[in-house]
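Subject: Structure for you to look at

Hello,

Here is the structure I promised to pass on. Please open it alongside this note.

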Amino acid sequence: MIRADQLDNDQNNFIFHEVAKGDNKWLTGLPGTGKSVILIHLILEKIEENPNVFICVVVFTNALRDMFIAAMEESRIPYQNVYLTTYHKFIKENFHYEYIFCDEVQDLPQSVLENIKKRSNQLIFAGDPNQSIYKEDPKTHEKVVKISEINKITESKSYMFETIYRSTKSIVKCISLLLPNMQIDVAKIGRKKDSTPRLFKGENEEQQVEYILSESVSAIESGESVVILLPSHKDIEKFINIVFKIENKQIGTLPLNRWGKVDYNKVNALLQLNQMNMEYLGNNYGDLYNANKKGKIIFMTYHSSKGLDFDNVFLPFFYNNGFENLWMDEETKKTLFMVGMTRSKKNLYMTYSDVLPSYIENFKHLCTIVDWNKELESNEELDFDF
């Protein structure tokens, strides 16, 4: 969590002056400009102003909720002052709040945003139009709010943040070639240390997983956070099965829940039983806060990772069309890929064993190409000691 003394002038101005004007505010800006961090500091500021205030925080996913829990604990924000919920739970209630804080607003259905606005005296929300990857709500299938309508619906003023603190300079360069219209190349980069994205080509998917496990275990041992992002649940299941195969564990088919889908609670229990320091997060499964505290390798879908960040991000299983198991247009695929890339605070790894999608070929020259044979020479015997 970024300390108060590490905030820049624009961030401090927003927290201590802009919000005090009393109108609704939309914090917008490119990925990694500190929007969620500002929300946390604002919550703390409002509680210090009035120790009896009760604030509602509405987030998009349970994983993002876990991130806020961790940040609140680190910032010593008293839990009794804050109701932290997902928007699906929020709309089932009817309480009114002095302040409502909301994150990832660009993914909300219009009716939810109207509900949030109606139930707050002051609404402060964050979101980035560039990260809009949903056309409709995954559960209700209601259309997501139009970006052009957000200010009107919320009667808010936008406040833009322009300095990227999360992504490295090299990752920003890659994204500028991936999505030129995003104009990320004109942003200020607040980081001093750079790290070039690494691109690894394996002979097959198993070799990709072996490489990822090798690098992940080393990062965890160094006290860094690790996430492995996959496009779909089919890819998640494939990755888990390959991990068990590499570890010579015979598990058969993955356990299913009563709806015939993979039961990730049982999968996480299997990983723990087999002493594999890994955990699946998403769809109400897993616990980001505890997984990070215990130094686990986390794997989740790109969609579930929105709003989060990790020291090391691994993006495996690229194919000719980018994401084999996702039915979406090319522009949305590139946006989703950008979301995955911008989760990295330090190192970004991409792996494939087929032909790279053309949009990755466009920035391949900016990456460090990893040679598996040299990796084997430096690690004479691969031993994934979880």
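This is a predicted model: local features need pLDDT of at least 70, side-chain atom pairs count only at pLDDT 80 or more; totals for chains, interfaces and linings use all residues.

An open sheet has seven strands, in the order 11-12-10-13-14-9-15. The pairing is parallel. Strand 11 (278-280) and strand 15 (368-370) stand at the edges. Each has a single partner strand, so one side of each is left without a neighbour in the sheet. From one strand to the next, the twist averages 25 degrees.

Look next at strand 9 (residues 198-201) and strand 14 (residues 344-352). They pair in the parallel sense over four bridges. Lysine 201 stands opposite tyrosine 352 in strand 14.

Helices on the sheet
Helix 10 (residues 264-273) packs on the sheet and touches strand 11 and strand 12 (297-301). The direction of helix 10 makes about 180 degrees with that of strand 11. Helix 12 (residues 330-341) lies across strand 10 (226-230), strand 13 (310-318) and strand 14. Helix 12 runs at about 145 degrees to strand 13.

The cores
The largest nonpolar core has 93 residues. Helix 2 (residues 35-49) gives the most to this core, with seven residues. Leu315 and Phe337 have the most contacts inside the core. Which residues does leucine 315 touch, leaving out those up to four places away in sequence? Among them are Leu229, Tyr302, Phe337, Met341 and Leu348.

Best wishes

Conventions. Residues are numbered from 1 along each chain as its sequence is written. Side-chain values use heavy atoms; hydrogens and water are left out. A nonpolar core is a set of buried Ala, Val, Leu, Ile, Met, Phe, Trp, Tyr and Cys residues joined through side-chain atoms within 4.5 Å. Buried means under 20% relative accessible area, exposed over 50%, partly exposed in between (1.4 Å probe, protein chains only). Helices (H or I, at least four residues) and strands (E, at least two) are DSSP runs, numbered from the N terminus. Contact means heavy atoms within 4.5 Å. Two strands pair if DSSP finds at least two bridges between them. Axes are lines fitted to C-alpha atoms, for helices over the stretch in contact, and angles run from 0 to 180 degrees between N-to-C directions.
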